[in-house]
Amino acid sequence: MIATSTQLTESLLVTHKLGNFFGVSRKVFEQVWNSLTHPEGNCVAYISMEIGADPDVYSPIADLLKVSPLAGQISEQHRFFDSKFREGPQKIPNYSGGLGILAGDTLKSFADCHLPVIAVSLLYRKGYFAQVVDSNLGQISQVVDWHPEEVPGLYLLKDPEKPERPLIIEIPFFTRNQKEHIVPAQIWMKMEVSHNLDYFIPELLLDFDLPETPAFIKSAVSQLYNAESSMIKAIQRRMLGAGILPALRALGISPKTFHLNEQHGVVLATQLIAEQLHNNYIEQTTGKSYKDQILTAANDVAKMLVYTIHTPVKAGHDRFSKLLYSEICSSACKDVLDILAQDDEHPEEYNFTNMAMRVNRSANSVSRLHRDVTHKQFPDFAHKISAITNGVHHLTWISENRSSVFDTFPELENWRSNPGVFRNAARLKNNATFRSDLYNAWKKDSAILIQYINTMLKKHRLQMAETWIDPPNFLSTISDSATELQPDVFTVGFARRFSTYKRADLIFHDLDMLCRIIVDCGYPINLVFAGKAHPADEPGKNVLKYLLSLQQKLHEKSNGLANLIFIPGYDMEVAKMLVSGVHAWLNCPKRPLEASGTSGMKAAMNGVPNISIMDGWWVEGYHNGSTGWKFGHEGPIESSSLNESREELLYFEDSSSFYTLLPNVLTEFYSAELSNDFIDKSIMNLSLNVPIFNTHRMAAEYLQRYDLVLQEHQMAEMAGYAKLYSSDI
Ligand SMILES: *Cc1c(COP(=O)(O)O)cnc(C)c1O
């Protein structure tokens, strides 16, 4: 008998000693929990400072409730979860950019592929920051107001012994003179449910917001990447790294493998090493020096760690003054750091990247080019660094309009479960119906984006009279409704963190030249930008402010043909609208400082071509021009290429290259509205890039480093994804 939809949704309520959960059946819950708590430790703990979900544009549970609402006699509990999932804020503000979005996408694919993985991160009561933008002041940061208890899919774990209380874990912490404190934390669990609700990945978010937590710790961990002082930064890293084992052990989980998504949680390694030393205490009398014992223990611990390095940029690597750091760690931990975190260039500091590089069984970069860069940056470890190119979660990033098209062609059958299916898109290249459906879906997505922008411009225009904020767009200050943007105008998108190496202002380097080209071509163009700068990154904030200052000049000098729009508050929702609504996605970092970049992959998922510097993933995704355009410097990678100073950022060379390219792109677009060449590029993105730059394929490559025992059919499925690509050639 086929269960009715209501029966299906009703069976999604799980009553467990850790709490009541909604979204999978009791059977699924137990299957996942049993595999994670298996005594052999056949699971992976994925550790990340950030996990993107704000607002989560992907929610299989809410989607199901929309098509099959609960009806009839249902319990109070069901009613509670039903309205929470439909109406609650899909918001966990715990990411700043690509690293967190990648973590979220990765865990979604782990769930879809049914891998035994549990994630650990922190819960930030003040989130990262909310961005308001004023045309004169630039970026203004505001505290994010959010309440974990209101978020659907996020659960405060209960103490199994005393179900009326939350489960509390205790994390040792030290202050000056080795004074030990026991810091309590509670655990929120986000259930990352698979696309057809038959599996989930638990994501544990440690929350220090308890009355007993010392105020300085509570405040240090309340905001992601708070950089007010080195001490705050150190405490944040410390609470993540030292919280992992207590949290997992409280749940009876002892993974054989820990995957460090960046080095932020590497304090875990010092703890594991200290434990080994403690356990082997008896052997200390056998004559080995203390240093040798530490090295032996480190070798053992290394067998448990997989480490992904994400950036060659200095700000991405934590270094702390030895003096400062020894104040907050135990003497055993200090001994370990003295040996394993030493930095010959900065002997007075602990270097956490060095520590992570030394203590792992497998280290990987996030693209092929980035592998070559890390080999140059870390010659001592080059032999063990391989490439696993990043991906994105296709079900999260493909727009609804595009999805509807993919659903109707048998060549793409099963694309939701298996993104490898998109290889068949090449067979649709000459299918007139597919081409026109794709074209129409693209038009619909562009219309949504342009409508959003026009509404925003109008809203800012109205608010101008009521608030002290000067609207971030010049177009809002012209009251003429003729300035409304049109969806058939060639629209280029750019959105990412405003770090200086990403050069958001590159294509405006010679504004006169840019305007001359556009006027000579006679074609209109919308340039839509979004992104946040870290609140302490003054140069990054200046680039943002500088962009705003160009809007009027650009508009006037191009006779109104070119408009630069800034959308404040970049988040996943804006990202999804942009990557599907624009006609081309711009990426202009200084090569080779963009280790991978993922927003361009999201565009490719929607069949939107990239215009990009040959950096990060684009070196692998460019396919001789069939999927988009390249521009800029392409020289060999030298150690000097890693220079981040303004003079070394190659503004002149790379912007000139862009100006040479631009007329070709404009002509190709306008030769016929969304011309054949554009649809060709779109289809080639689907067929060449979607099968590669997705997180299912990436998960399959990680699985080869994870050392898990899986069932045969699952091994076969994952081998299928792994066969789609080899990152490390
Ligand atoms: C994808 C994404 C990013 C990362 O984009 P990159 O191209 O890797 O810099 C950052 N923020 C949001 C909201 C995203 O969706």
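## The largest cavity

In this predicted model, strand S9 (179-193) contributes four residues to the lining of the largest cavity, the most that any element gives. Helix H3 joins strand S9 in supplying two or more residues to this lining. In total, 19 residues line the largest cavity, and those nearest its centre are Ser59, Gln90, Pro152, Lys190 and Met191. When the lining residues are sorted by class, 12 are nonpolar, three are polar and four are charged.

The largest cavity holds about 190 Å³ of space. A search of the whole structure finds one cavity of 30 Å³ or more.

## Two domains

The domain assignment divides the protein chain into domain 1 (28-54 + 91-387) and domain 2 (395-635 + 649-693). Taken over C-alpha atoms, the centres of domain 1 and domain 2 are separated by 34 Å. In the contact, 38 residues come from domain 1 and 40 residues from domain 2.

## The second largest pocket

Several helices take part in the lining of the second largest pocket. At least two residues each come from helix H3 (60-67), helix H4 (76-87), helix H14 (394-397), helix H15 (400-407), helix H16 (432-464) and helix H20 (572-581). Helix H3 gives the most, with six residues. By class, the lining of the second largest pocket comprises 13 nonpolar, 11 polar and 10 charged residues.

## A buried histidine

His393 is located in the loop between strand S16 (385-387) and helix H14. Is His393 buried or exposed? His393 has a relative accessibility of 0%, and therefore counts as buried, since the cut-off for a buried residue is under 20%.

Leaving out residues up to four places away in sequence, His393 touches Tyr58, Asp105, Lys108, Ser109, Asp112, Thr695 and His696.

## The nonpolar cores

The largest nonpolar core has 129 residues. Within this core, Leu204, Phe208, Ile273, Tyr325 and Met355 touch the most other members. Helix H7 (residues 230-250) provides the largest share of the core, with 10 residues. Another core, of 105 residues, lies apart from the largest one, and its members include Leu412, Phe498, Ala604 and Met605.

Which residues are in contact with Met355, apart from its neighbours within four places in sequence? They are Val266, Ala269, Thr270, Ile273, Val336, Leu337, Leu340 and Ala341. Among these partners, Ile273 is itself one of the residues that touch the most other members of the largest core.

## A partly exposed alanine

Ala274 belongs to helix H8 (residues 267-279). With a relative accessibility of 21%, Ala274 counts as partly exposed, since a residue is buried when its value is under 20% and exposed when its value is over 50%. Ala274 and Ile294 are 20 residues apart along the chain, and their C-alpha atoms are separated by 8.2 Å.

Key: Residues are numbered from 1 along each chain as its sequence is written. This is a predicted model: local features need pLDDT of at least 70, side-chain atom pairs count only at pLDDT 80 or more; totals for chains, interfaces and linings use all residues. Side-chain values use heavy atoms; hydrogens and water are left out. A nonpolar core is a set of buried Ala, Val, Leu, Ile, Met, Phe, Trp, Tyr and Cys residues joined through side-chain atoms within 4.5 Å. Buried means under 20% relative accessible area, exposed over 50%, partly exposed in between (1.4 Å probe, protein chains only). Contact means heavy atoms within 4.5 Å. Ala, Val, Leu, Ile, Met, Phe, Trp, Tyr, Cys and Pro count as nonpolar, Asp, Glu, Lys and Arg as charged, and the others, Gly among them, as polar. Domain bounds come from an automatic or database domain assignment. On a 1 Å grid over the protein atoms alone, a cavity is a set of points where a 1.4 Å probe fits but cannot get out, and a pocket is an open set with protein on both sides within 12 Å along at least five of seven lines; lining residues have an atom within 4 Å of a point. Grid points are joined across faces, edges and corners, and a volume is the space filled by probe spheres set on the points.
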